[in-house]
Amino acid sequence: MSTGNNLYDKPECPFCWRVRMALNRCGVVYNRYAYDNPEHEQAWHALTPNKTVPVISFDKLVMVDSSVILEYLNDVYGILLPPSANDRADARGIASYADVRVGGPVRELVFERRERPPKAWDQEAIARAMKTWHQALPFLEKALSDKDYFVPCAGIPDYVLASRFGLAMAYGMPAPQSPLLADWFDRMIKRSEFTDTAPAIVIEAVTKGWQL
Ligand SMILES: N[C@@H](CCC(=O)N[C@@H](CS)C(=O)NCC(=O)O)C(=O)O
């Protein structure tokens with residue numbers, strides 16, 4: 001294991017990707033290791049009681065949960081959440097909703113389609129995921145309202161939702177039936193912290209755009 005800042009991750013994990021976006025935005029330089037690379041697996045394993053990714057070590061400080069890492073980065077750099085306690089509470093509520101209500105159906109779709117031939121897909125499960133996805137979006141549309149981002153200049157809730165939207169797009173979730181959210185995502189995909197850190201499958205999907 002190298003000294004300094006080390007991130008153990010896997011490219012397509014939405015929890016890892018949001019952390020990469022935040023690290024990029026905060027200008028943190030780090031070594032990135034695939035957690036299942038035999039050269040690094042032992043170091044990763046020794047650091048985490050959870051045996052999940054992302055795991056980050058900033059010298060002696062080790063963090064094993066993406067929410068903890070994001071909050072820490074905001075504590076240090078102060079640019080990922082708004083300054084007022086009330087606005088931060090709103091932002092955390094949006095991030096939590098996005099993870100559960102949008103993340104759930106996207107995860108279901110990804111698990112159904114990833115590395116499986118279309119013949120093996122459970123079409124009922126896919127239809128259910130797509131329905132739940134559409135049902136989850138109006139709350140977020142209302143929360144975004146006329147703002148460009150969920151927090152000024154984009155931050156934690158934007159990265160949490162963008163990690164879910166990016167994978168949704170890559171795995172063929174239908175386009176959001178919300179011009180406000182579609183415009184928000186268009187803004188997100190132009191940001192360097194998104195393009196510099198997105199999984200290859202998302203970059204490929206972004207060049208094609210949402211399929212209807
Ligand atoms: N609450 C954790 C969840 C992390 C998580 O579930 N990561 C998944 C990958 S997306 C994982 O490591 N699963 C175990 C594995 O892939 O072996 C966090 O936010 O960091």
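1. Leu137, Leu140, Glu141 and Leu144 in H5 meet Leu180, Leu181 and Trp184 in H7. By class, this contact of H5 with H7 counts 6 nonpolar residues, no polar ones and 1 charged. The model is a predicted one, so read every value here as computed from that prediction.

2. Next, the geometry of that helix pair. H5 covers residues 123–144 and H7 covers residues 179–189. Their axes are 9 Å apart, and the packing angle is about 70°. Angles of 65 to 115 degrees count as roughly perpendicular. H5 and H7 are therefore roughly perpendicular to each other.

3. Now the domains. The domain assignment of the protein chain gives domain 1 as 5–77 and domain 2 as 85–208. The C-alpha centres of domain 1 and domain 2 lie 21 Å apart. Domain 1 puts 12 residues into the contact, and domain 2 puts in 14 residues.

4. Which elements give two or more residues to the side of domain 1 that touches domain 2? They are helix H1 (14–26) and helix H3 (66–77). H1 gives the most, with 8 residues. By class, this side of domain 1 divides into 6 nonpolar, 2 polar and 4 charged residues.

5. On to the sheet. Its 4 strands form an open sheet in the order S2-S1-S3-S4. The pairing is mixed. Strand S2 (31–34) and strand S4 (61–63) are the edge strands, and each of them pairs on one side only. Direction ignored, neighbouring strands of this sheet are turned by 15° against each other on average.

6. Strand S1 takes in residues 5–9 and runs parallel to S2. How many bridges join S1 to S2? There are 4 bridges. As one example, Leu7 has Arg32 in S2 as its bridge partner. In general, strands of a sheet pair through backbone hydrogen bonds, either parallel or antiparallel.

7. Last, the ligand. The residues around the ligand are Cys13, Phe15, Thr52, Val53, Pro54, Asp65, Ser66 and Ser67. By class, this shell has 4 nonpolar, 3 polar and 1 charged residues.

How values were computed: Residues numbered from 1 in each chain as written. Predicted model: local features only at pLDDT ≥ 70, side-chain atom pairs only at ≥ 80, totals over all residues. Near = placed C-beta within 6 Å. Nonpolar A, V, L, I, M, F, W, Y, C, P; charged D, E, K, R; others polar. Pairing = 2+ DSSP bridges. Axes fitted to C-alpha atoms, helices over the stretch in contact; angles between N-to-C directions. Domains from an automatic or database assignment. Contact = placed C-beta atoms within 7 Å. Parallel < 35°, antiparallel > 145°, perpendicular 65-115°, else oblique.
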